[in-house]
Amino acid sequence: MRLFHILQSRLRSILFRDRRESDLDEELQLHLDREIERLEATGLSHEQARLQALRAFGGVEQIKEAARDARGTGAWDALVRDTRQGLRRLVRDWRFTTAAVLILGLAIGANTAIFSVVNAVLFRKQAFADPDRLVNIYQNDRTGRPLVVTSYAAYKEIAEYPDVFASTMAGSIPNPGRYLHEGAVRDGVVEFATATYLDVLGLRPSLGRWFDQSEERPGAPLVAVVGYQAWTRLFRADPSLVGRVIKIEGRPVTIIGIGPANHRGTLDVGLGTDFWLPITAVPSIFPGFAPRDVPTIFVPLFVKARLRDGVTVSQAKAAMDVLGRRLAAENPEAFRIEGEFSLGPGMTVVPSTDVRIHPQADKPLMAIASLVLVVVGLVLAIACSNLATLLLVRGATRAKEVSVRLAMGATRRQLVRHLLSESVLLSLAGGIAGCIVASWGMRALQQIDLPFRLDFTVDYRVLAFAIAVSLVTGVVFGLAPALKATRVDLVQTLRDEGLQPIDHRRLTLKNALIVFQVAISVLLLGGTSIFLQMTAAARALRIGYAVDGVAMLETDLRFASYSDADARRVYDDLLRRIQAVPGVQSAALLRGLPMGPNSVQIVVDGASDQKGVEAVVFAAGPGFFDTLRIPLLYGRVFDARDRADTPHVAVITDRMARLYFGSVDAVGRRFRIQNNPNSWTEVIGVVRDTGTGDFEDDVLDPIGPPFYNSYTQTGAQPTTVMARTSGDAASLVAAMQRELRAVDVTLPVVTAQTMAQKLENAQAAPKGIATLFGALGGLGLVLASIGLYAVVAFAVARRSREIGIRMALGARSQQVVWSIAQGVAGLIGVGTGIGLVLLVLLILVMRAGSGSADIGIGNLTVYRPSIDPLALLTIAAVTALVGVAAAFVPGRRAALMDPLVALRHD
Amino acid sequence: MSDQTDVLQGTLDLLILRTIALEPMHGWAIAQRIQQISDEQLRVAQGSLYPALHRLEHQGWITADWGTSENNRRARFYSLTKAGRKQLEAEVAKWERLSAGVNLVLQRT
C-alpha cells in the first residue's frame, strides 16, 4: 500500500509537473494569506501584516525548491532542465550543431553501413544445432591445400563412412538461375543439395518439408524448397506457395516446403538462396553443367558431416586421407572437378565453426575486412577528434561564461553535468543522423545492378554498435573539453589577462591530424579519379559501334515450352514483325545478350603452333553488323547464304586478324576450334574490333580477340532480337515488347532496354565504386575542412587580444589575415603534398602488379591506372580551395574585428 | 515571540503526524495548531513545514486532498494513511524513549 502511494505520488509529480507546480503555488499563497489575516486580527494594518508575514515566510522559491527535492523529483527536474538548456544552446549555436551532427552522422553512418556489410559477409554466425560436432570436408589439391569445392562422386564416397560420420550432406555453391514469377522472368539464386542437407545442420523447414531420398533419385519429378527470405519478400509469406509449380530455368518445379528462417544458404555471404533443388536435378536445370558423358554430376559442392559420437576431428581426418588416396589411385579422372583445379590425394577435415567461407579464403577475406574496418574506424576517430577540437574552441570562447557561473556559486558538478548533457544530446542527434545515413547507404548498395541480389540489412547488433559508438564518442569528447573548461583559473580569467601560453604540444598534435586528414582526402579523391578513369577507358573502347537508336529484347523460350524447330519459327516471326515496325532500319537475331562473349581455344590453319590460342566467340546473325554499325573492313558479313548445311564461316575482328593471321585481310583463311578437329571455319570478313562493352572483359581482364559466327550455322537458338531505328530507341523498346506479345503472349520478357541502357548497366559496378570513393573523399574533405576551421578558429580565439593590439597599433586587416593564412597554407600544403605522393605511389604499385593479384582463391584483377597530371592537379586544387575556404571564415572574423572589442575579448 | 523555539529537526515529522491524527488539516492550520498546543513555545518555520509535508506525503505516510478551508478557499488537507498511523506510533515510542533518556541524563548528573 505504501509502495503504491510512493509510486503514485512520484508518477503524479513527474507526469503532472505543471499541475504540481500550481498546486504548490496555491498552497503557499493560502498560507501567506491566512498569516496576513491572522496578523491583521492582532491589530496590524494590512500593509504591515503583509510585510511581516512575508518576512517570516522567507524565500518562496527556496521553499518550493526544498519541497520539490522532498518529492524526490529533483534529479528528474535537473535532467529536464539540463536537456532544455542544452537544446536551447545547441539551437542558438546552430552552425556548430549542424557541423557536429553532420560529422557524427557521416562518420557513424559510414561505420554502420560498412560494418553491416562486413558483418553480413564474415561475422554472421550460422544457426546450426550442436555446431561443435559439425565438420567441413574438402578434397585437396596437389600441394595439399583444400580445394574450393568437392565433386559429387567424392561426396558419395565420403557418405560411405557411417562409423566416422553420423550423417553427411552436400550443398552446391549458389548458382544464378532464372525463374518465372507473376509473368516476369526474374534472376534468382539456385542451390542444389542432398536430402540430408537440413538434418545434418539440425534445422527444420519453416513450412512443408525438405526433399527426401526418393526425390533425390535421378529422374524423379522436380521439387524445390523456397528460401525463407525469398518466400517472405517475393511471395509475401503466402503459405499456399507450397504445392504450387514454379518454372525454374524453364522447367516446371513443384514447391514442397519453405526453408528455415535462420538459414540463408550454404554460402551465407550476403546472397540468400531462393530455391533449393535435389542435387540430381542439376542435369535437367543446367544441362550445360555436365558437358561430358560421365555418370557423376559436376557441380561444385560443399560437404559437411556430423561426427559420430566419440569420433574426433583428427580421426575423421585420418579416415578421409585413406579415402583420398584410394580415390586418387582408382580413378583420378573421375574425381577431377570441372575447371582448372588439380586434384591431389589428400582431404581436409576442419570443424565447421572454424570456417566462415573456405579455409583458404577466410584469411585474406578477414585481412581485407579488418583493413576496411580500420580505415572506417580511422574516419570515425578523425571525426571524434574534430568534434573534440570544435568543442575545445567553444570551451575556450566560453571560459568567461564558465567562470561567471562558478563565481555565482554553480558547483563544478552542475557545470560538468550541464556541458556533458550538451555533448550527449549532440552525439544522440549524430547517432540518429548516422542511422539515416547508414540506411541510405545500404539502400544505395542494394541498388547496384548485379545478377545476384545482395541481402544486406542493418541488423540490431549493428544498430547497437552505432548507438554505442555515438554515446561513447559523446561522453569521451564531451568530458574532456568540459573538464578542461571547468578547471579555469577563476581570478585569471575574470581579470581577463587572456594571454595564457599556448599549449604547443596540443597544437602540434592537432596540426598533425589536419595534415593527415588532408592527405587522406587527397588519396580518396585520387581513388575516385582512378575509377572515373576506368569508366572512361571502358567508354573509349566501345566507340567501335553506335548504340544510339538501338534497342534490344531478350526472351527465354524455355519458359514457353517450344520445340527447337518451333522456337526458330517463333524467332523468325518476331524478327519479321520487328523489321516491319515503322522507322526500323535493320534488325538481327543473336544468341545471348549482345556482346555476351564465350572464350574458346582455336587453331589457325597452317600455323606452326597447333597448341591453340585464345579467342572469344559471339553468336550473331545476319543484320548484326548493320544494326550496330560495326564497320566491315574486308570481305562480307553473314547473310541468307549461310545455312546449317553450308560450310561454316566466321567474321573476325581486325585485332584477331593481326594477331593470329599476320595481316588484316584474312578473308579466305581457315581456323578450327582446338578440341574439335572437324570444326574448320572459313573467314569471310574482317570487321573492326569493338570490345565487348563489358567493363571487366574490356578493361580489367582483356581476353582474347573476338570473332563472330552465325547462329544459323551452329544450331544454337537465338535468344535476343536487336534493332536500329531512325526514331527514338526507347519507343522502339515498347514496340518490340508489343510485337513479342503479338507472337505469343506467354513469352516472358527477360530484358527489354535500349543498347545505351544496357551498356550503362554494365558500367554500374565501377561507377558505384567511383561514387563510393567520391563520397568517401568528399567525407574526408568535409572532415578535414571542419578540422581546419576549428584549428584556425581556435588560434584566432586565442590570439584575439594580440590581434586587437596589432590592429590598434595600425596593422591592416590584410596583414592579420596573412599572418593567419600562412600557418593554414602550410598545413594544407604539407597535407596535399603527402597525399599526392601517396597517390602516385599507389598508382605505381597498381601498375607494377601484373594486372592481377593472387588472394588465395583465385585471381583478383586489378586495373592499371595511368598517372594523369591534370587529375592530380585538380585534386590538389580542390583540396587547397576547400581548405582555404574553411580557414577563411574565422580568419575574416579576426580581420573584421573591432580593435576595441578584440582587446576586451575574453 | 523571542521565547519561541524552532521545532527540532526530526521532531517536526512527529508533531505533524500527531497534529493531523485528529482531523485532516491544511498547512497553515497545522503550523498554528502546533504553536497553540505548545502554548506558543514551539514555532514551525514555513521553510521546513512544506518540504516536510511533501516528504511525508512522498513517503506515503500522509495523503493530501483538496478541500475547503475555514475561510472558504481551496486548500490541501493532509490526513494520515494507515502506514502513517503506524509510523506515528513508532515515532511516539521513539520520542518517549529519547526524552526519557535525556531526562535521566539531565537529572542524574
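**Figure 1. Confidence in the predicted model.** Chain B has a mean pLDDT of 83, with 91% of its residues at 70 or more. This is a predicted model. For chain A the mean pLDDT is 76, and 75% of residues reach 70 or more. Residues 291-295 of chain A have pLDDT below 50, and beyond near neighbours in sequence the stretch makes 0 contacts in the model. Residues 495-506 of chain A also have pLDDT below 50. Where pLDDT is low, predicted coordinates should not be read in detail. For the complex, the predictor reports an ipTM of 0.81 and a pTM of 0.60.

**Figure 2. The contact between chain A and chain B.** Chain A brings 22 residues to the contact and chain B brings 21. On the side of chain A that touches chain B, helix 1 (2-15), helix 2 (17-41) and helix 4 (60-70) of chain A each supply at least two residues. Helix 2 of chain A gives the most, with 8 residues. By residue class, the side of chain A that touches chain B divides into 9 nonpolar, 6 polar and 7 charged.

**Figure 3. Chain B, overall layout.** Chain B holds 4 helices and 4 strands. Along the sequence their pattern is β-α-α-β-α-β-β-α. Of the 109 residues in chain B, 35% are buried. Among contacts in chain B with a separation of 6 or more, 52% join residues 24 or more positions apart.

**Figure 4. Helix 1 of chain B and its cover.** Helix 1 of chain B spans residues 11-22. Its buried residues are Leu12(B), Asp13(B), Leu15(B), Ile16(B), Leu17(B), Thr19(B) and Ile20(B). What covers them? Helix 2 (27-37), helix 3 and helix 4 (82-108) of chain B are included in the cover. So are strand 3 (62-68) and strand 4 (74-80) of chain B.

**Figure 5. Helix 3 of chain B.** Helix 3 of chain B runs over residues 46-58, 13 residues in total. From first C-alpha to last it reaches 18 Å, close to the 18 Å expected at 1.5 Å a residue. Is helix 3 of chain B mostly covered or mostly uncovered? It is mostly covered, with 10 of its 13 residues buried. The buried set opens with Gln46(B) and then takes in Leu49(B), Tyr50(B), Pro51(B), Ala52(B), Leu53(B), His54(B), Arg55(B), Leu56(B) and Glu57(B). Just after the helix, Gly60(B) adopts a positive phi of about 85 degrees.

**Figure 6. Strand 10 of chain A, an enclosed strand.** Strand 10 of chain A covers residues 301-307. Why is it called enclosed? Here 7 of the 7 residues are buried, so the strand is largely enclosed by the rest of the structure. Leu301(A), Val303(A), Ala305(A) and Leu307(A) point one way from the strand. Phe302(A), Lys304(A) and Arg306(A) point the other way, and all are buried.

**Figure 7. Strand partners of strand 10 of chain A.** Which strands pair with strand 10 of chain A? Strand 1 (residues 134-141) of chain A pairs with it in the antiparallel sense over 4 bridges. In strand 10 of chain A, Lys304(A) stands opposite Asn136(A). Strand 2 (residues 165-172) of chain A also pairs with strand 10 in the antiparallel sense, over 7 bridges. Ala305(A) in strand 10 of chain A is the bridge partner of Thr168(A).

Conventions:
Residues are numbered from 1 along each chain as its sequence is written. Chains are lettered from A and ligands numbered from 1 in the order in which they are written. This is a predicted model: local features need pLDDT of at least 70, side-chain atom pairs count only at pLDDT 80 or more; totals for chains, interfaces and linings use all residues. The expected span of a helix is 1.5 Å times one less than its number of residues. A residue is buried if 20 or more other C-beta atoms lie within 10 Å of its own, exposed if 12 or fewer, and partly exposed in between; C-beta atoms are placed from the backbone. Two residues are in contact if their C-beta atoms, placed from the backbone, lie within 7 Å. Two strands pair if DSSP finds at least two bridges between them. pLDDT is the predictor's confidence in each residue, from 0 to 100. Ala, Val, Leu, Ile, Met, Phe, Trp, Tyr, Cys and Pro count as nonpolar, Asp, Glu, Lys and Arg as charged, and the others, Gly among them, as polar.
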